[in-house]
Amino acid sequence: MNKLNQTVAVVRTYNNRAVVKTVRSLTAFIGHVIVVVRNDIDKGSTRAWLAGMRNVSIIEMDIGYSWSNALNRALHKIVELNVDRARPYRYVLNVSVEARFTKDHVLEMLNTFTDSDVGVVGTSFSATQDGNPVGLGVSYMHPRNTRMIVDLRVFENPMLRLGFDPFCDDIGGMEDIDFIYRLAAFSDFKTEMLDLCVPLVVGVNHNQELKEAAEQAAMRKIFARYEQWAERFKKVKATAEYLGILD
């Protein structure tokens, strides 16, 4: 079966006309595209720009918009779309309007799912700002929702069912690494990282060094959170063994 037809792309944006080029590119080969916007700032602009495009769903969030909440709203929409499909969508591609992807990039990522244990596939990026190369740092050395594909089977796991954790929105982002950690801790699914060097355009007025510093700080907080959970799990296991609940 054609994996492209089984894929839904998710784009988070608001008041950014670059979304038109991104969605037009995606609809040329992806089964469906979901665009989630922050409506209090967007004020209907994205809906107007994308008017007439087929296989596109637009979710306008009036309250509670954040990167994680937007992704989770899109996941709910995919469940809704699958209700009426004889062959449900199998993959979700989270992608940024700044990522200059091609059909071949997506196909290579999708073809990595031939191993039934692969749950997430990410890629490296080649970033430029005003035509000049930009270093991205360690925060891009794992799959990012800038361009990441997830097998929807992953969300059947109880610890992954709720999607991306809004906790990360309050500490500087990195909901994707939190998701990867949860995948590793609570499931048997694997994560694969491809070196496709997908072009990524950094805005002229964007300070990538400050962004990287904030994201690394968020990553440290997330890692510490899992260390804490690990200690709690040890105590729970010890108590269960003491009570004879475990063999």
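Phe-125 is buried (under 20% relative accessible area; exposed is over 50%, partly exposed in between; 1.4 Å probe, protein chains only), because its relative accessibility is 11%. This is a predicted model, in which local features need pLDDT of at least 70, side-chain atom pairs count only at pLDDT 80 or more, and totals for chains, interfaces and linings use all residues. Residues are numbered from 1 along each chain as its sequence is written, and side-chain values use heavy atoms, with hydrogens and water left out.

**Aromatic pairs**

- The structure holds 8 aromatic pairs. Rings of Phe, Tyr and Trp (its six-membered ring) pair if their centres lie within 6.5 Å; planes under 30 degrees apart count as stacked, over 60 as edge-to-face and the rest as tilted.
- One of them joins Tyr-65 and Trp-67 edge-to-face, at 6.1 Å centre to centre and 65° between the planes.
- Tyr-65 counts as buried at 16% relative accessibility. Trp-67 counts as partly exposed at 41%.
- Phe-125 and Tyr-140 are edge-to-face, because their planes stand at 85° with the ring centres 6.0 Å apart.
- That pair links distant parts of the chain, 15 residues apart. Phe-125 is in strand 5 (residues 118–129), and Tyr-140 is in the loop between strand 6 (132–134) and strand 7 (147–151). Strands are DSSP runs (E, at least two residues), numbered from the N terminus.
- Tyr-140 is also buried, at 9% relative accessibility.

**Cluster**

- Tyr-14, Tyr-65 and Trp-67 form one aromatic cluster.

**Charges over rings**

- The charged end of Arg-85 sits over the ring of Tyr-89, 3.8 Å from its centre. The criterion is NZ of Lys or CZ of Arg within 6 Å of the ring centre and within 35 degrees of the ring normal.
- Arg-144 lies over the face of Tyr-140, 4.4 Å from the ring centre.

Technical notes
Helices (H or I, at least four residues) and strands (E, at least two) are DSSP runs, numbered from the N terminus.
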